[in-house]
Amino acid sequence: MIEQKNNSNLDENINNIFLKSSTSLDFFKNNLIDIDNSNILKELKTVDDFNLFHLINVKNFTFNNKIYGLIHLQLKFFFKKPDYNHILKVMDKRIELALQTSFNNTKTKKVFVFMDFANITKKNYSRKFIKLVAEKFSKKYDDCLAVCYITGNITFIKLVWPFVSTLLLTKTKKKLVLLK
């Protein structure tokens with residue numbers, strides 16, 4: 001079981017905004033359950049298809065002995081584009097799939113998010129894309145968001161946090177957990 005405790009005195013400092021958690025990345029990964037994506041993998045025809053599949057991946061996640069849908073965002077598979085509408089439409093479809101998984105197993109419409117900033121560089125970072133994703137979760141999916149786990153390049157996360165924090169609602173910020 002993952003334990004979380006809210007910090008009652010949250011401010012905009014990255015060291016204070018994330019929920020305090022003893023959850024390690026290894027413990028988190030041990031609660032992930034891959035789903036059978038063989039039919040989707042057969043349809044991948046281009047490098048862009050492959051990257052999009054890995055950028056926004058749906059998995060099952062065990063939390064409090066129940067299985068929920070989880071969106072795994074691996075930003076190392078992101079590449080800058082002039083337009084992100086297609087990526088956002090795919091994200092919506094995959095979030096709906098994760099919500100349906102949660103509902104089928106728990107009768108609740110909750111989704112977990114795992115944002116993986118490992119191997120992110122200037123080449124695959126876009127303020128515009130991060131802004132669109134942050135706005136999507138804050139405005140469209142905030143009531144459905146259970147917890148957003150964040151891992152990866154901590155230096156990078158601290159660097160972009162001042163920008164990202166301005167995009168998130170306070171109640172969304174309270175659902176963030178930085179994995180150890």
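Start with the aromatic rings: this predicted model holds 14 aromatic pairs, counting rings whose centres lie within 6.5 Å.

**Stop 1: Tyr68 and Phe112**

Select Tyr68 and Phe112. Their rings form an edge-to-face pair, with 5.2 Å from centre to centre and 65° between the planes. Now colour by secondary structure. Tyr68 belongs to strand 5 (residues 66-74) and Phe112 to strand 6 (residues 111-117), so this pair ties together parts that lie 44 residues apart in sequence. Are these two residues buried or exposed? Both Tyr68 and Phe112 are buried.

**Stop 2: Phe117 and Phe156**

Move to Phe117 and Phe156. Here the ring centres are 5.9 Å apart and the planes meet at 40°, so the pair counts as tilted. Where do the partners sit? Phe117 is in strand 6, and Phe156 is in helix 7 (residues 154-165). The two are 39 residues apart, and their pair links distant parts of the chain. Phe117 is buried, as is Phe156.

**Stop 3: helix 7**

Select residues 154-165, the whole of helix 7. This helix has 12 residues. From first C-alpha to last, helix 7 reaches 15 Å, close to the expected 16 Å.

Which of its residues are buried? Show Phe156, Ile157, Val160, Trp161, Phe163, Val164 and Ser165: these are the buried residues of helix 7.

Next, look at the N-terminal end of the helix. Asn153 caps it. A side-chain oxygen of Asn153 lies 3.2 Å from the backbone nitrogen of Thr155.

**Stop 4: charges over rings**

The charged end of Arg127 sits over the ring of Phe163, 3.9 Å from the ring's centre. Then select Lys107 and Phe103. The charged end of Lys107 sits over the Phe103 ring, 5.4 Å from the centre.

**Stop 5: Thr106**

Select Thr106 in helix 5 (residues 85-106). Thr106 is buried, with a relative accessible area of 15%; the cut-off for buried is under 20%.

What does its side chain meet? A polar atom of the Thr106 side chain lies 2.6 Å from the backbone oxygen of Ser102. The Thr106 side chain also makes a polar contact with the side chain of Thr108, at 2.6 Å. Now show Lys66, Ile67 and Tyr68. Thr106 touches these three, leaving out residues up to four places away in sequence. Tyr68 is the residue from the first stop, paired there with Phe112.

**Stop 6: Ala98**

Stay in helix 5 and select Ala98. Its relative accessibility is 0%, so Ala98 counts as buried. Which residues are in contact with Ala98, leaving aside neighbours within four places in sequence? They are Val58, Gly69, Leu70, Ile71, Lys110 and Val111.

From the C-alpha of Ala98 to the C-alpha of Lys109 is 8.9 Å, and the two residues are 11 apart in sequence.

**Stop 7: Ser126**

Select Ser126, in the loop between strand 6 and helix 6 (127-140). Ser126 is buried, with a relative accessible area of 10%.

Show its contacts. With neighbours within four places in sequence left aside, Ser126 is in contact with Phe78, Lys80 and Tyr84. The side chains of Ser126 and Tyr84 make a polar contact at 3.3 Å. A polar atom of the Ser126 side chain also lies 3.0 Å from the backbone nitrogen of Phe129. Phe78 is 48 residues from Ser126 in sequence, yet their C-alpha atoms are 8.9 Å apart.

**Stop 8: zoom out**

Show the whole protein. How many helices and strands does it have? There are eight helices and eight strands. Of the 180 residues, 49% are buried. Among contacts with a separation of 6 or more, 76% are between residues 24 or more positions apart.

Finish by colouring by confidence. The average pLDDT is 82, and 87% of the residues score at least 70. Now select residues 1-18. Their pLDDT is below 50. In the model this stretch has 43 contacts beyond near neighbours in sequence. Where pLDDT is low, predicted coordinates should not be read in detail.

Conventions: Residues numbered from 1 in each chain as written. Predicted model: local features only at pLDDT ≥ 70, side-chain atom pairs only at ≥ 80, totals over all residues. Heavy atoms only, no water. Phe/Tyr/Trp six-rings, centres within 6.5 Å; stacked < 30°, edge-to-face > 60°. Helix = DSSP H or I, 4+ residues; strand = E, 2+ residues; numbered from the N terminus. Buried < 20%, exposed > 50% of the residue type's maximum accessible area, 1.4 Å probe, protein only. Lys NZ or Arg CZ within 6 Å of the ring centre and 35° of its normal. Expected span 1.5 Å × (residues − 1). Polar contact = N/O pair within 3.5 Å; in protein donor to acceptor, adjacent residues only side chain to side chain. pLDDT = per-residue confidence, 0-100. Contact = heavy atoms within 4.5 Å.
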